[in-house]
Amino acid sequence: FQVEIEKLDYHHYLPLFFDGLCEMTFPYEFFARQGIHDMLEHGGNKILPVLPQLIIPIKNALNLRSRQVICVTLKVLQHLVVSAEKVGKALVPYYRQILPVLNIFKNMNGIDI
């Protein structure tokens, strides 16, 4: 049974895939990342309304303080911002939830955690 990505319920599936950002074990982490990128690639105007549901999974992933998870999450955030109009601006009110954990890592280039 296959459904086109554009026809998926973004309010259900996108947060589910974002919950998978915390995964570090193959194949779970792969499926989560691939699902996120596929949905962001094809979501268009369905992405912005789901944004508030993505903040807690993003925050949870960053709070693991795993370098691997943080790198994946930052790449996902980059893709999220360019995935649809106004997503970047809509993230601004959530900076207080997302940025503090990144502050811990900003000066740790090349240092193993």
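## The K7–E4 salt bridge

K7 and E4 join their side chains in a salt bridge, with 4.0 Å from N to O. The term stands for a side-chain nitrogen of Lys or Arg within 4 Å of a carboxyl oxygen of Asp or Glu. This is a predicted model, where local features need pLDDT of at least 70, side-chain atom pairs count only at pLDDT 80 or more, and totals for chains, interfaces and linings use all residues. Residues are numbered from 1 along each chain as its sequence is written, and side-chain values use heavy atoms, with hydrogens and water left out.

How accessible are K7 and E4? K7 is exposed, at a relative accessible area of 62%, while E4 is partly exposed at 47%. Here, buried means under 20% relative accessible area, exposed means over 50%, and partly exposed lies in between (1.4 Å probe, protein chains only).

## The E29–R33 salt bridge

Searching the whole structure turns up two salt bridges. Let's turn to E29 and R33, whose side chains meet in a salt bridge at 2.4 Å, N to O. Both residues belong to helix α2 (residues 28-43) and sit four residues apart, about one turn of the helix. Helices (H or I, at least four residues) and strands (E, at least two) are DSSP runs, numbered from the N terminus.

Is E29 buried or exposed? E29 counts as buried, with 13% relative accessibility, and R33 counts as partly exposed, with 28%.

## G35 in helix α2

Helix α2 also holds G35, a buried residue at 9% relative accessibility. Between the C-alpha atoms of G35 and R65 there are 22 Å, and the two residues are 30 apart along the chain.
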